[in-house]
Amino acid sequence: QVQSVESGGGTVQPGGSLRLSCVPAGYTHASTDCIGWFRQAPGKEREGVAAIYPGGGSTYYTDSVKGRFTISQDNAKNTVYLEMKSLKPEDTAMYYCATGTVGGRHYRELGLFADFGYWGQGTQVTVAS
């Protein structure tokens, strides 16, 4: 099964920064393709963190990370980044990226409708003093 590949996780102190990278699998460069970052903390459901439509540049963020996280793309490197600043202990989770397309599932936390697949194995982010 083809998977996206995430990297860049680690352990940082509160207030610190990390940049996650994703090489998205299944990305066709169609205008309807999007790349999303998700996270799952122990005992919690997976939640959408940020998403980008590379074709048009539209970005989406869950409320808890607005102003702290930035999703961006580097088409030359076929890589999507998640720049995370002012990290908090509650940001601790396994972070996953996935490739999606406009679809029927409502990701309420992101404010978009999409179907995601090609999930990666994840990269762990731990924020602790």
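Student: Which residues line the largest pocket?
Tutor: The lining of the largest pocket consists of R39, Q40, A41, K44, E45, E47, E90, D91, T92 and A93. A pocket here is an open set of points on a 1 Å grid over the protein atoms alone, where a 1.4 Å probe fits, with protein on both sides within 12 Å along at least five of seven lines; lining residues have an atom within 4 Å of a point. This is a predicted model, in which local features need pLDDT of at least 70 and side-chain atom pairs pLDDT 80 or more, while totals for chains, interfaces and linings use all residues. Residues are numbered from 1 along each chain as its sequence is written, and side-chain values use heavy atoms, without hydrogens and water.

Student: How much space lies in the largest pocket?
Tutor: About 150 Å³, taken as the space filled by probe spheres set on the grid points, which are joined across faces, edges and corners.

Student: And its lining, by class?
Tutor: Six charged, two polar and two nonpolar residues. Asp, Glu, Lys and Arg count as charged; Ala, Val, Leu, Ile, Met, Phe, Trp, Tyr, Cys and Pro as nonpolar; the others, Gly among them, as polar.

Student: Changing topic, how many disulfides does the whole structure have?
Tutor: The search finds one, a disulfide being a pair of cysteine sulfur atoms within 2.5 Å. C22 and C97 form it, with their sulfur atoms 2.0 Å apart. The two cysteines are 75 residues apart, C22 in strand 3 (residues 18–23) and C97 in strand 9 (residues 93–107). Strands are DSSP runs of E, at least two residues long, numbered from the N terminus.

Student: Why is the disulfide called right-handed?
Tutor: Because the torsion about the S-S bond of C22 and C97 is about 70 degrees.

Student: Are C22 and C97 buried or exposed?
Tutor: C22 is buried at 0% relative accessibility, and C97 is buried at 0% as well. Buried means under 20% relative accessible area, exposed over 50%, and partly exposed in between, with a 1.4 Å probe and protein chains only.

Student: Where is S4?
Tutor: S4 is in the segment before strand 1 (5–7). S4 is buried, at a relative accessible area of 2%.

Student: What does the side chain of S4 reach?
Tutor: The backbone oxygen of Y118, at 2.7 Å. A polar atom of the S4 side chain also lies 3.0 Å from the backbone nitrogen of A25. Beyond neighbours within four places in sequence, the residues in contact with S4 (heavy atoms within 4.5 Å) include C22, C97 and W119.

Methods:
Helix = DSSP H or I, 4+ residues; strand = E, 2+ residues; numbered from the N terminus. Polar contact = N/O pair within 3.5 Å; in protein donor to acceptor, adjacent residues only side chain to side chain.
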